[in-house]
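Student: I should like to learn how to read the features of a protein model. May we go through one together, step by step?

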Amino acid sequence: DEEADEGGDEDGEDDKDAVADAMDDSKVALLKKECDDGKAAACNDLGFAYDKGNGVKEDKKKALGLYKQACDAKDQFGCNNSGIFLERGFAGDVDLAAAVPFYEKACELGHPWGCTNAGRMNFNGIGTKVSKEKGYNYFTLGCEKKNPWACNNLAWHKCNDDSVCTDAEEKLARRAVAMSVAIVRGLLLGG
């Protein structure tokens, strides 16, 4: 990975339990119907099925189209997944400039990884002009949504920019570590 800032499953791609199980034809048909009926979450779940080839033939371009459809219908997961696909070129060419607004919309809709990814892109000028202020704002939102990588990025960048960590920034860094430890414990101990 280019950036350690993403963490977790690298960028917050959402593999919801609804599609984590092997899908049969009836589940795929139901998701297609629900997506056609305007259910944003179904579009994201169907996109994930095409992304991973779960119950359907893998088709990254179709997955991206479904993720975008979910995002258009205000699904935070579809927005973040669209950003990931565009940033990494999973469905074709890399399009960093197109990825940024998807991450920003994901954040606006409440997705912690969307905030972290939007912060990383803005802070580092990836696909957009450098804006440390916007980066800080997105990292702050991600941290408030309990994303440890957002807290870590916020503290790390603030400390480096200021050359000295304030008490508040040190608290952020400790909060990031505590959240990371809780995540690892949950993964290792099953909850």
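**Reading a predicted model**

Tutor: Let us begin with one pair of side chains in this predicted model. Lys134 and Glu104 form a salt bridge, with their closest N and O atoms 3.5 Å apart. Lys134 belongs to helix H8 (residues 132–144) and Glu104 to helix H6 (residues 96–108), so the pair ties together parts that are 30 residues apart in sequence.

Student: What is the general idea behind such a pair?

Tutor: Side chains of opposite charge can pair when their charged atoms come close.

Student: Is Lys134 buried or exposed, or does it lie in between?

Tutor: Lys134 has a relative accessible area of 34%, so it counts as partly exposed, which is the range between the buried limit of 20% and the exposed limit of 50%. Glu104 has a relative accessible area of 14%, and it is therefore buried.

Student: How many salt bridges does a search of the whole structure find?

Tutor: The search finds five. One of them joins Glu87 and Arg120, whose closest N and O atoms are 2.8 Å apart. This pair links distant parts of the chain: Glu87 is in helix H5 (residues 76–88) and Arg120 is in helix H7 (residues 112–124), 33 residues apart. Glu87 and Arg120 are both buried.

Student: Are Lys33 and Asp37 buried or exposed?

Tutor: Both Lys33 and Asp37 are exposed. Their side chains also meet in a salt bridge, at 2.7 Å from N to O.

Student: Let us turn to the cysteines. How many disulfides does the structure hold?

Tutor: It holds four disulfides.

Student: Which hand does the disulfide of Cys71 and Cys79 have, and why?

Tutor: The torsion about their S-S bond is about 90°, so the disulfide of Cys71 and Cys79 is right-handed. Cys71 and Cys79 are both buried.

Student: What can be said of Cys107 and Cys115?

Tutor: Cys107 and Cys115 form a disulfide with sulfur atoms 2.1 Å apart. Its S-S torsion is about 90°, so this link of Cys107 and Cys115 is right-handed. Cys107 is buried because its relative accessible area is 4%, and Cys115 counts as buried because its relative accessibility is 0%.

Student: How far apart are the sulfur atoms of Cys143 and Cys151?

Tutor: The sulfur atoms of Cys143 and Cys151 are 2.0 Å apart, and the two residues form a disulfide. With 100° about the S-S bond, this link of Cys143 and Cys151 is right-handed. Cys143 has a relative accessible area of 3% and is therefore buried. Cys151, with a relative accessible area of 0%, is buried.

Student: What is the mean pLDDT of the protein?

Tutor: The mean pLDDT is 83, and 72% of the residues reach 70 or more. Over residues 1–8 the pLDDT is below 50, and this stretch has 24 contacts in the model beyond near neighbours in sequence. Residues 15–20 also have a pLDDT below 50, with 11 contacts beyond near neighbours in sequence.

Student: How should one treat stretches where the pLDDT is low?

Tutor: Where pLDDT is low, the predicted coordinates should not be read in detail.

Notes: Residues are numbered from 1 along each chain as its sequence is written. This is a predicted model: local features need pLDDT of at least 70, side-chain atom pairs count only at pLDDT 80 or more; totals for chains, interfaces and linings use all residues. Side-chain values use heavy atoms; hydrogens and water are left out. A disulfide is a pair of cysteine sulfur atoms within 2.5 Å. Buried means under 20% relative accessible area, exposed over 50%, partly exposed in between (1.4 Å probe, protein chains only). pLDDT is the predictor's confidence in each residue, from 0 to 100. Contact means heavy atoms within 4.5 Å. A salt bridge is a side-chain nitrogen of Lys or Arg within 4 Å of a carboxyl oxygen of Asp or Glu. Helices (H or I, at least four residues) and strands (E, at least two) are DSSP runs, numbered from the N terminus.
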